[in-house]
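Let's go through this structure together, one "how do you know?" at a time. Have a look at it first.

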Amino acid sequence: MLTPFTSTRLSAKVGSIEISLEQGRMANQANGAVLVQGGGTIVLVTAVTQKLEVDRGFFPLTVNYQEMSYAAGRIPGGYFRREIGRPSERETLVSRLIDRPVRPMFPKGFVDEVQIMATVLSAGRNTNPDVLAITGASAALHLSNIPFGGPLAGARVGYIDGEFVLFPTYKGTKDMSTLNLVFAATREAVVMVEGSSEFLSEDLFAEALEWGHKQLGPIFDMQDELREKVGKPKITVIPPVANPDIEALVGEKATEGLAAAMQVQEKMARKDAKKIAKTAALEAVAEKFPEDPKAKKQAEECLSALEKKLMRARIKTHGLRIDGRDLTSVRTLSIDVGLLPMTHGSALFRRGETSALAIATLGSSRDEQRVETLTGEIAKRFMLHYNFPPYCVGEVRMLRGPSRRDIGHGALAEKALFPVLPSPDDFPFTMRVVSEVMESNGSSSMATVCGASLALMDAGVPIKEPVAGIAMGLVKDGDDFYVLTDILGDEDALGDMDFKVAGSARGVTAIQMDIKIKGIPSEVLRRALAQARDGRLHILGHMAEILDKPRAELSELAPQMAILYINPEKIRSVIGPGGKNIKAITAETGADIDIEDSGKISVFAPTLESLEKTKEMVLYYDQTPQPGKNYVGIVKKILEVGALVEILPGCEGMLHVSQLDVERIENVTDVLQLGQEVTVKVIELEANGRIRLSRKAWLMEQAGQTIDLNDFARPAGPPRDRGDRDRGPRDRDRGGPRRDRKY
């Protein structure tokens, strides 16, 4: 007997698509589970929590986003033919898109483990699952028993033909929109932004966020209605009760020392000074409250709160920051380019105590990264990789490959530079930039943008214009908002916003924002964008003093490149049987050769000498026979009336028996054998494509006689009778009629 199935499903039209949320159909043993659907795209999002035996001292939240190949009707590549191993870069970036707005929404004091999993079950051709997964995560948490301050909603805004578009299609985002803006918001305010554009203005970004936020009402309404119908009672979280005596003791012992430490400008010296002040306070607490197991943890929380209070008080009262700057100043800049002699391009960009060493490398199209996605395989000709080694912050830790943060920062910088790259037709190289963070004291991702731009120019990559980036911070005190330009690491940790903006003098190319408060007014957002523009232009001015445009020539160490065009019919000859010819060329020259069906051949060689040799070898197969020119050919076939001789690769001509020698020859084999080399002269290219050859003419020329090709041309007139020996060969082997053949 079948068990009746019930589920709760709500839907609403949002922008140009209908979005639905369904609970009860799948994953019912999770604390919360929702199927979110838009068009043909369906994402299952689950939220599960469990208590921990030991308090880890932080909130253990894990977010996993998975794109399954079956969702798009594909079988994954690789030996195992299954989705295994570490997540792809795309999955990591979407996991971060979910994590960043969700994490601040859990109440203080909730330390149970939480895992959010978003699995793409069906991939439609129009709707991107990433923003649906953000909404699905909020809905799953909202209806579960997990304490969560939602609901949230995720959306994408495009800008097509002067109009904002909500949830643009894949094609609209890639081919038509000059804006790709992903954001997450509560009913009250936008809380997360990630996007890129083609030099759009700061005002347009602000308008896009305001417009997009207004469209999300139906998504919030659906989540609240779903909670009313099937939501579970929330776990009660008892906020930690502070011992006022501990708080007072910490204030007494640490205030003076922390206040002095927070004015030390050098990061490591400030860190040491803060450690001394905190250690003294912790020792005093341990001595006075030896029996309280939670005393140390509360004292550490009090110290963090005191540190934040002191930083904010100095900004509010004196308009001064930790390192003594005012709110709008950029730290001191230092720039070096071309400092690594054996690389294609390099730049060391330093801003205060943050510095990034960017190294640019050029390769052929064979070096492109091939990436499997739900929409098919894509090729990336530009890659930017960000590395954050432990020494850059004076730490020791194991190296385990790029972290989610490393991948996210690299992707942001990559988006910032993508709009200024030359087109593949103008510059067919593959480009890779690696940013090694040498020192970090805030905004290393934006230092990466600046360094990468300079490294590409140093390598001679003809980028359209330089790009720079800057990170903005925020301090909220009551109804007052203080926007900080070029934030330090401490200002990021103790402040209320991390807002990264990158672009050129023309406009913004990439943006990323995370805030720790419920929201910021639109006028504050606009002020932050305007302040970011001023800072960006300041940095671009200093960059121009060192390198104002790409170098005129590529690095001599970079691959040498040439574009050749051959007759498409000769491509087969260049490649050869089983790739024999092309393999021989690449083996001898070390070059990479890309051949297109149109006859376009791109050659990438390690040296100029190798490039010239490769061009010569490739063009050898594209030669056209020239009347009057001598060729050394190979006898390919012996016929009764002559021989077929290959004078160029794939190009055969007819050497008639009458043209074998100055003397009369009765049998072809008296002079020629199969496979023999023979020197001949091209005496005629017939209209039907046949090539007539003469050894006789060459011999006469060698004897010092003057040759006139007209003496060897066929006479004009009616067709010859079947007995004319100069008519050409008859295919006697096949016993059939005369066949037209291209020689």
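Q: What makes R366 and D594 a salt bridge?
A: Their closest N and O atoms are 3.6 Å apart. A salt bridge needs a side-chain nitrogen of Lys or Arg within 4 Å of a carboxyl oxygen of Asp or Glu, so R366 and D594 qualify. As background, side chains of opposite charge can pair when their charged atoms come close. This is a predicted model, in which local features need pLDDT of at least 70, side-chain atom pairs count only at pLDDT 80 or more, and totals for chains, interfaces and linings use all residues. Residues are numbered from 1 along each chain as its sequence is written, and side-chain values use heavy atoms, leaving out hydrogens and water.

Q: Why is R366 called exposed?
A: Its relative accessible area is 52%. Exposed means over 50%, buried means under 20%, and partly exposed is in between (1.4 Å probe, protein chains only), so R366 counts as exposed.

Q: Which side chain meets that of E701 in a salt bridge?
A: It is K681, at 3.2 Å, N to O. E701 is in helix α16 (residues 695-702), whereas K681 is in strand β28 (residues 677-685), 20 residues apart. With 31% relative accessibility, E701 counts as partly exposed, while K681, at 3%, counts as buried. Elsewhere, salt bridges that share partners join R270, K274, K278, E307 and D490 into one network. By the salt bridge rule the count comes to 43.

Q: What makes Y79, F80 and I84 a patch?
A: They form a nonpolar patch on the surface, with about 440 Å² of accessible area together. Patches are made of residues with over 30% relative accessible area and no salt bridge; like charges are joined within 9 Å, and nonpolar side chains (Val, Leu, Ile, Met, Phe, Trp, Tyr) within 5 Å. The areas come from the Shrake-Rupley method with a 1.4 Å probe, and for residues only the protein chains shown count as cover. I84, for one, has 46% relative accessibility, so I84 passes that cut-off and counts as partly exposed. I84 lies in the loop between β5 (61-67) and α1 (89-102).

Q: Why does F167 count as buried?
A: The relative accessibility of F167 is 7%, so F167 falls in the buried class. F167 lies in the loop between β8 (163-166) and α3 (170-176). F167 also has a positive phi of about 55°, although it is not a glycine.

Q: Where does R81, which is not a glycine but has a positive phi, lie?
A: R81, with a phi of about 55°, lies in the loop between β5 and α1.

Q: Which residues are joined by a cis peptide bond?
A: G150 and P151 are, with omega at about 10°. P151 lies in the loop between α2 (129-143) and β7 (153-160).

Technical notes
Helices (H or I, at least four residues) and strands (E, at least two) are DSSP runs, numbered from the N terminus.
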